[in-house]
Amino acid sequence: MSDFFTFSDPNVRMVTLGTVLLGVSAAIVGTFTFLRKRALVGDAIAHAILPGVCLAFIVTGDKHPLYLLVGAVATGWLSLLSMDYLSSRTKLSTDTAIGAVLSVFFGAGILLLTTIQHSGSANQAGLDKFLFGKAASMGRQDILVFGIVAVLLLILVLSFFRAFKVVSFDPAYARSIGLPVRQLEFLLSTITVLAVATGIQAVGVVLMAALLITPAAAARFWTDRIQVMLLLAAAFGLLSGLFGSWISYSAPAMPTGPWIVVLLSLIAIVSVVMAPKRGIWARIRLQKSNARKMLLENILKTFYSLGESRQQFDMEVNVTELVTKRPFDSKSLRRGLHQLQRKGCLIKKSGNTYQLTTAGIAESRRVVRLHRLWELYLTERMNYAADHVHNTAEAIEHVITPELEAALLRELGHPILDPHDSVIPYQATQNKKS
Amino acid sequence: MNTAIETHNLTVAYNRRPVLWDVDFKVPEGQLIGVLGPNGSGKTTLLKSIMGLIKPSSGYVRLFGEDLDTVRSRISYVPQRESVDWEFPISVREVALMGRYRKNKLLGRLSKTDHQLADEALEKVGMLPFADRQIAQLSGGQQQRVFVARSLAQQADLYLMDEPFAGVDAASEEAILTLLKEMKQAGKTVLIVHHDLHTARQFFDWIILLNTRLVKSGSTESVFTADNLKQAYGGQLTILSQVSELIKDREFPMRERSHKDQPK
Amino acid sequence: MNAFWIILTGALVATSCGLLGVFLVLRKMAMIGDAISHAVLPGIVIAYLLAESRAVLPMLIGAAGIGVLTTFIIEFLYQKARLQVDASIGITFTWLFAIGIILISVFAGQVDLDQDCVLYGEIAYVPLDLWITEEGQIMGPRPVWVLSGVLLLVLLLVTVGYRGLKITTFNPEYAAAIGVSTVFWHYLLMSAVSITTVVSFESVGAILVVAFLIVPPATAYLLTERLNVMLALTVVLGILTSVGGYFLAVWLDGSVAGAMAVISGCLLFLAVLFSPTAGVLTRRWREQALDLPVQGYNDR
């Protein structure tokens, strides 16, 4: 196993180079497939390539990669045209068109493949590697042809990158700014068919769809920018190509395709869970931090309202007073008080008594201010009755950012009283801005 | 005045974005009620919330003073025409018969009364001659009338209709309107999401004017003031939409858990 | 005699798949059917590993379970992880299918499956797989019995559940409004699809189950505007496909399942062109006769 990674065997070097190129080009082309939401179309094209490969063999009697490529592209393109035709010229829906073309073309491929196998032609052994891919079986010729095609595809995508971006995102807009949308879509489709036709060397037709879209889907979770997405997808494609090549050498009886797909899927799962903003874990953490923020701000508000009647905010407050004013859950309350201490908003006086610090007072005023400003906004701009505003404001006070606060102040004209005639507590620095 | 529908602080998000804020109104029985507002103002969401198809973040709905599930058989919902693929291989009569399906009667036979009621409903909308026609062959107005027939076959007391006049030819519009007036005479309550201010003034007795929040709910004349219309159609409140975006992006709840406005 | 058993097996598969496929096509869920037929593979391999006798009932229950699981994973990716729907479907089934293939390779000795044959089945061997009772009586090929049983279940579902399926397919919002659980019917249908897929595996393999799920119903859809006729036509087309496919395979000496898929495609092709109501050519001739402009479907 460690022998593989020394890359001392020129064969290993070549095959690895080949699979890496295939992985990268499929991932990059697949990013556009993903963005255009055509994952399943890619799947159908992959399946439709099988009959083309078989026909090329039947016609030429030769497994030369160039012939097979021509056959592959021919039926690949035919399948695209068929799907397009079926969904636009008949009442069949898109998914039905895809499924029908996929299974019929693939069935034809299987029929041809088995016919070839049963005919006992000397040359045919190994054609079935196109089902699940067998990286190590790639010979010099294969790698040369497919490698060149892969590089060509990469160059094309990078050259037309901006045009493809617009066409994928908004074809109508692209047309309106004068881009030749039909030709670009034609080019993009051809590139996709080629990427699929070459990628099946590594993964085979059945699982090719995964090589196209899984890298892109995984990358999507890490970024909103398409350039970064392309790079990440390419990186994932590269990893998968490397891995596939290694598997093919370590376990020659195994098909490469499934292993590549398993790796890519694991990368995707990790991305779905762990990616910083869009990942599930990140979103759970965000929700938890929201809950924490709400708890702390609610505690501060309670301090404020206890002190408001006496207009004294630095008095010592007992936990029971807090709970009476607002029904906190005791465990959360204790946690919240502790966190407020650590943030410097509270000082613990004795067993169950706390006192607001200057910072704490300022912060409590901020939250109450936001609450009352929002209540005013609801009554003045949104037609709410004064007795209906409290609950909404309880939620929204935690959301309002400083920018929104400034906008509210401008909108409402620095009001003094809220709908319940309570004073809105400003900071010293906020009074009477223009 | 008996109340057909009462909503209390109804707050609803759609795709995590707040669409309706604290909508609070009471509408009387036996009236033709129009729900108006600009695009994206939450009209369809309101209907779906009343029908229990979307769960509100907060607040509740009472129909005839009860919970939806208690009175479900008295309510009929007519979705937007586009919500259905009209290439589906069934006949006009089959659609009308769906009005006789009941949640717990899906498996049994449909009785003779069921068939009769369905045919009567088709008759009322003028579609009985087309009973055996496949729905794919109908015009937009005819499709709408079939939807209304299905609704009539339900024999409900409250009818909720989403844009029944959209893209409908004059004859069908006329037919549906006449029917609605008959239903009102019979004491039925009809609530309609409508898109056209001008005709709304003529059709409806009562208006609910929405723009993400309730602008006004009341008799047509009381609602159609310049001020109300400006509030509804004068554009989105910027600060409100910014707050809505924030709530969606930062996954904030629209209501704190302890403040969910449950019915007493 | 062998031909008879093979054609019968094909017809049984085509009928079960076709009846369910009608609702998949009408719900625009053809590719979810495709996904399920792939996703069941690891479950099948595990069942082969665990059960010495290929006990039918546990396998069916496991199959239904996997169908539900697959649907669930797709929903999860789409709703909770907020991944676009085509990628949710694509990633789920390729991953599960890949695991299945790996399991087959790894346990090649212990499992009576061949990785290529899971794709296209071994229907030619069906007549040899005989069910022999303890008394030594030969009851005919085992797959035929199993498939017939499943067909009965499917017929039961489609007749008893006809209205539920119809209303949740035609207008799910309305169904929900009258209190019908669209979720229940969805999962019920998907379970039925997985059960049918699993038992059809041995005969026609994974990909070609999809052909039977989608192509005859699609063809029937083009030929009629009535649901019950669509169901009946699907069955007829399925039988024609089975017969035609068998003879095509014999003539070319190739995979029977592959040939059946090809025949189903030919029938679809003919319907696309010549369907009396919806055929592209028939419409064009009619419009030309009436001197009207020829319209595509999307500008209606």
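Me: Angles under 35 degrees count as roughly parallel, over 145 as roughly antiparallel, 65 to 115 as roughly perpendicular and the rest as oblique. How are H4(A) and H7(A) oriented to each other?

Reply: This is a predicted model, in which local features need pLDDT of at least 70, side-chain atom pairs count only at pLDDT 80 or more, and totals for chains, interfaces and linings use all residues. Residues are numbered from 1 along each chain as written, with chains lettered from A and ligands numbered from 1 in written order. Helix H4 (residues 65-89) and helix H7 (residues 140-159) of chain A pack at about 45 degrees, their axes (lines fitted to C-alpha atoms over the stretch in contact, angles running from 0 to 180 degrees between N-to-C directions) 9 Å apart. H4(A) and H7(A) are therefore oblique.

Me: Which residues of H7(A) does H4(A) meet?

Reply: Contact requires C-beta atoms, placed from the backbone, within 7 Å. H4(A) contributes A:Pro65, A:Leu66 and A:Leu69. Their partners in H7(A) are A:Gln141, A:Asp142, A:Val145 and A:Phe146.

Me: What distance separates the centres of domain 1 and domain 2 of chain A?

Reply: Chain A is divided into domain 1 (2-275) and domain 2 (279-434). In chain A, 6 residues of domain 1 are in contact with 4 residues of domain 2. Taken over C-alpha atoms, the centres of these two domains of chain A are separated by 56 Å.

Me: What share of the contacts in chain B with a separation of 6 or more joins residues 24 or more positions apart?

Reply: The C-alpha trace of chain B spans about 55 × 40 × 40 Å along its principal axes. Among the contacts of chain B with a separation of 6 or more, the share from residues 24 or more positions apart is 72%.

Note on methods: Contact = placed C-beta atoms within 7 Å. Helix = DSSP H or I, 4+ residues; strand = E, 2+ residues; numbered from the N terminus. Domains from an automatic or database assignment.
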